[in-house]
Protein chains: 2
Amino acid sequence: MVNNLSVAVVGATGAVGREMLRLLEDRSFSVSSLYPLASSRSAGAVASWSGQRLAVSDLATFDFEGIDLALFSAGGSVSIEHVPRAVASGAVVIDNTSAFRMDPDVPLVVPEVNISAAKNRPKGIIANPNCSTIQVVVPLEALRRAVGIKKLIVSTYQSASGAGSRALDELSRQAQASLEGREFKPQSFPRLLAFNLIPQIGSFEEDGFTSEEHKMINETRKIMNLPGLRVSATCVRVPVRIGHCAAVHVELNKSLSPEDAREILSAAPGVSVMDDISGNEYPDPLCAAGTDPCWVGRIRKDPALDNGLVFWVAADNLRKGAALNAVQIAEGIFTGN
Amino acid sequence: MVNNLSVAVVGATGAVGREMLRLLEDRSFSVSSLYPLASSRSAGAVASWSGQRLAVSDLATFDFEGIDLALFSAGGSVSIEHVPRAVASGAVVIDNTSAFRMDPDVPLVVPEVNISAAKNRPKGIIANPNCSTIQVVVPLEALRRAVGIKKLIVSTYQSASGAGSRALDELSRQAQASLEGREFKPQSFPRLLAFNLIPQIGSFEEDGFTSEEHKMINETRKIMNLPGLRVSATCVRVPVRIGHCAAVHVELNKSLSPEDAREILSAAPGVSVMDDISGNEYPDPLCAAGTDPCWVGRIRKDPALDNGLVFWVAADNLRKGAALNAVQIAEGIFTGN
């Protein structure tokens with residue numbers, strides 16, 4: 001167990017960064033020095049950590065010398081510019097952006113699935129996957145280990161906080177305007193989200209899928225080391241604050257009863273099964289927000305697919321979908337946990 | 001063309017009933033007398049129709065003698081009790097509840113798909129399908145006619161108004177309470193819907209699917225006359241006022257390019273294609289509400305299914321999903337349109 005780590009959190013004033021600071025207060029490795037960093041726009045702000053109030057430093061002028069671990073969550077272009085500096089100074093970088101995720105020399109890690117991949121990091125970088133992908137692969141991995149998987153069809157229901165803390169604030173302002181019958185010009189989303197749905201997350205690519213849907217397809221394959229897995233996804237932004245959900249249809253290699261799947265998932269790391277239809281128990285964003293697990297419910301046979309199974313998964317996109325997964329990767333590296 | 005019909009609307013004070021009154025003002029058959037009916041609780045209320053204010057009569061004591069057409073939309077138990085009286089008096093009944101939908105002697109009709117089935121109605125009843133099912137089968141029928149369909153996987157995003165006008169009102173009150181940080185005890189939904197998702201519509205059945213999901217599976221098969229069609233569905237209530245959406249994954253009998261699918265769907269009755277990713281154009285509940293078509297966008301190849309296609313469909317659940325479809329059935333019967 002390694003103690004007394006020096007940790008830099010880049011994007012410390014953002015939705016994920018703040019969650020990282022909270023999680024770093026109480027984990028199985030101890031942090032001796034914590035450096036909250038942000039762009040010069042946010043420099044001067046104050047971040048709370050372990051009962052202390054820490055000044056947020058300007059990333060552009062920060063010297064990474066002596067930093068053991070740098071957690072980046074300030075957007076792809078920031079990572080592309082500053083991650084190499086942090087690595088050159090000897091820091092292990094865990095990057096929460098999509099900048100390096102598909103680089104073959106950068107492991108893409110969900111600890112419950114492939115923590116061993118984090119050991120081999122020729123570029124000194126480990127990528128943290130996309131939020132909605134993480135919560136799908138955690139339960140999926142348990143099913144893969146049990147019987148193998150063949151096809152995956154996912155429809156997501158993704159909360160506003162996945163677009164950042166400004167977007168989260170804007171959802172409330174949009175909703176208030178709508179309740180008062182006032183017009184509102186959306187800024188953080190391509191159109192109104194309050195009392196609406198936006199079937200576009202990220203930008204469109206040539207094949208008609210969005211970049212978010214490509215992440216679900218490509219990152220799932222990379223994390224699970226199943227390059228030929230057939231995956232399809234529709235990613236939809238919904239007017240929810242925190243907590244992403246997904247309806248997951250999976251074709252397994254062998255038939256698995258819902259009862260057996262429930263047992264396998266109950267024993268899977270990172271998964272909590274909440275699936276009692278007699279008591280109307282199933283997860284939702286409100287109950288997932290602020291918690292660590294991937295909550296799985298609505299487990300049933302999929303009548304459309306051979307050896308098909310359907311389930312519903314909810315998770316806190318800022319925690320397991322981002323900050324928690326990054327911190328768990330760090331734990332895997334520094335403590336072997 | 002038949003004119004001067006006497007029409008009774010049962011459930012005239014509800015969300016669908018009010019929409020029926022609006023639609024009956026301006027259609028291709030003319031209504032000479034309109035009788036808005038409701039339970040004794042709502043009797044005495046006033047309904048607006050064609051610039052007139054009509055007293056809502058008590059269904060329990062209403063005499064259907066002389067009524068040509070009775071549109072029922074007041075819940076399954078009301079239909080079970082009163083539809084036989086209306087039929088016995090000689091009225092054609094179009095029933096919007098699930099009471100008779102799976103009865104083999106009751107046609108289940110979406111005019112764009114199977115209007116001819118409405119001619120054979122041994123019980124004098126035609127059933128109007130479930131809201132989310134209608135908007136899926138309308139575009140699906142066009143694909144079926146072109147190349148045939150084999151498998152269907154649907155995830156829905158269903159608005160509050162699908163649960164009735166009280167539920168619609170409650171969503172706003174829930175949202176206001178949430179914005180003010182006040183507690184709210186949900187009444188029209190099994191749990192809070194504002195800023196949340198509820199992956200349960202209807203009641204749970206033994207196989208783990210909800211009654212709403214069974215409607216999607218069984219009604220699709222019956223309407224399309226494809227008893228062996230493999231269908232799977234997850235039905236989710238979302239905090240939207242009016243307008244249901246669905247992500248639809250379909251395995252076709254033959255490959256169809258997105259371009260060809262777009263062309264076929266553009267020519268299909270009841271469908272409007274809104275699918276220009278270069279301009280971020282795709283349908284959503286806000287743009288579908290108050291309109292007649294099933295809006296289809298996000299058309300693309302489904303990489304997980306053989307000959308697979310994915311699309312996104314949005315429609316006004318009170319109009320095409322309920323009142324409009326019922327009125328279109330009536331037009332088919334009374335005018336041959």
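**Exercise 1.** How many residues does the contact take from chain B, and how many from chain A? Work out which elements of chain B contribute and what kinds of residue they bring.

*Solution.* Keep in mind that we're looking at a predicted model.
- Start with the count: chain A gives 51 residues to the contact and chain B gives 51 residues.
- Next, find the elements on the chain B side. At least two residues each come from the strands β9 (149-157), β10 (230-234), β11 (244-252), β13 (294-302) and β14 (308-315), and likewise from the helices α5 (165-179) and α8 (285-288).
- Then sort that side of chain B by residue type: 30 are nonpolar, eleven polar and ten charged.

**Exercise 2.** Trace the open sheet of six strands in chain A, and say why β5 and β8 each have one side without a neighbour.

*Solution.* 
- Write down the strand order in chain A: β5-β2-β1-β6-β7-β8, with parallel pairing.
- Look at the ends. β5 (57-58) and β8 (125-127) of chain A each have a single partner strand because they stand at the edges, so one side of each lacks a neighbour in the sheet.
- Zoom in on one pair: β1 (residues 5-10) and β2 (residues 31-38) of chain A run parallel over six bridges. Within that pairing, A:V9 has A:P36 in β2(A) as its bridge partner.

**Exercise 3.** Explore the largest nonpolar core, taking B:A70 as your way in.

*Solution.* 
- This core has 236 residues.
- The residues with the most contacts inside it are A:A70, A:V313, B:A70 and B:V313.
- Leaving out residues up to four places away in sequence, B:A70 touches B:A8, B:V10, B:F64, B:A86, B:A91 and B:V93.

How values were computed. Residues numbered from 1 in each chain as written. Chains lettered and ligands numbered in written order. Predicted model: local features only at pLDDT ≥ 70, side-chain atom pairs only at ≥ 80, totals over all residues. Core = buried A, V, L, I, M, F, W, Y, C linked by C-beta atoms within 7 Å. Buried ≥ 20, exposed ≤ 12 C-beta atoms within 10 Å, placed from the backbone. Contact = placed C-beta atoms within 7 Å. Helix = DSSP H or I, 4+ residues; strand = E, 2+ residues; numbered from the N terminus. Nonpolar A, V, L, I, M, F, W, Y, C, P; charged D, E, K, R; others polar. Pairing = 2+ DSSP bridges.
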